[in-house]
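This report looks at one protein model, beginning with a single residue and then turning to the whole chain. Please keep the sequence and the structure in view while reading.

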Amino acid sequence: MRLFVGAASVVAGAGLVAVWMLGGSGGAEVGSGNGGPRAVAACARLLATPHLDAAARSRIAASMALSKQAAGNPEAALADFSLAVSLDPRNAAALTNRAVAHTIAQRFDLAVADYSQAMQLEPFNAHVLASRALVMAKLDRIDEALADLDRALSLDPKLSGALVERALIHAMRKNWEAARADAAAAIALSPMDVNRYKIRASINSRSGDANAALADLEKAVELAPGDVESVFNLALMQEHLGRIEDAIASYGRALAIQPALGQAYIKRGMA
């Protein structure tokens, strides 16, 4: 059976779940902007300092871009990332952050170009490879996305988000054994992350292993009892396996969390 469509559902091509987004030169500058007009003004004053070289100006422009991005001004941030890159084309962190900005703006081709340029500067950066894979998947360039994920994980086998994304691609292609292996590895790295169990439950459900899916959903509900998607999917699986009383109780729990969930009323009434 297929579970209720939600964050953990595996869908084709451009709809692959974007579980994470990492960028930057090993994380050196990503997220360092603290937002707000004061931060932007301070960066602007530093840019006006006459003795700074181009590389230093590039770093300041990138920091200003991060502040604007944090303040909810993505187009201004994108312009400052572009300024940072023009000042220092070897600023891999600026390129990566501009790629993230392009991704947010759904300019996926431009994002791929920036990630590729960053990879030329830092060919062993697993985070950048995995981030590019996400964008490749959105462009339905699945073979290239898979190749990036394979290389990223060869560089850093503990890159949990990359394991999840590769599991989703394997599941989309009905390569169930590989999908389950990657999902299990991701869970081993983040055993308290409810989304990992939801994703593996979806994989197990689609591949016909209802009992394994049930176990994953039970764990998801244990970790996040207020997550209506997990509770509703648990009810669906319980009903599928003939555990009607348990299913009715779980539908009731889902309705207690989200009273407007019409599907739960329908399913409970039909159980």
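In this predicted model, H102 is in contact with L78, R107, L110, A111 and D114, when its neighbours within four places in sequence are left aside. H102 itself sits in helix α4, which covers residues 92-104. Is H102 buried or exposed? Buried means under 20% relative accessible area. H102 has a relative accessibility of 8%, so H102 counts as buried.

A second residue can be described in the same terms. W176 is found in helix α9, made up of residues 176-189. With a relative accessible area of 17%, W176 is buried, because the cut-off for buried is under 20%. Setting aside neighbours within four places in sequence, W176 is in contact with A171, I203, R206 and S207.

The table lists the two residues.

| Residue | Helix | Relative accessible area |
|---|---|---|
| H102 | α4 (residues 92-104) | 8% |
| W176 | α9 (residues 176-189) | 17% |

Now the protein as a whole. How many helices and strands does the protein have? There are 14 helices and zero strands. Of the 271 residues in the protein, 49% are buried. Among contacts with a separation of 6 or more, 56% are between residues 24 or more positions apart. The accessible surface of the protein comes to about 12,100 Å², and carbon and sulfur atoms account for 55% of that surface.

Methods:
Residues numbered from 1 in each chain as written. Predicted model: local features only at pLDDT ≥ 70, side-chain atom pairs only at ≥ 80, totals over all residues. Heavy atoms only, no water. Helix = DSSP H or I, 4+ residues; strand = E, 2+ residues; numbered from the N terminus. Buried < 20%, exposed > 50% of the residue type's maximum accessible area, 1.4 Å probe, protein only. Contact = heavy atoms within 4.5 Å. Areas by Shrake-Rupley, 256 points an atom, 1.4 Å probe, with all protein chains shown as cover.
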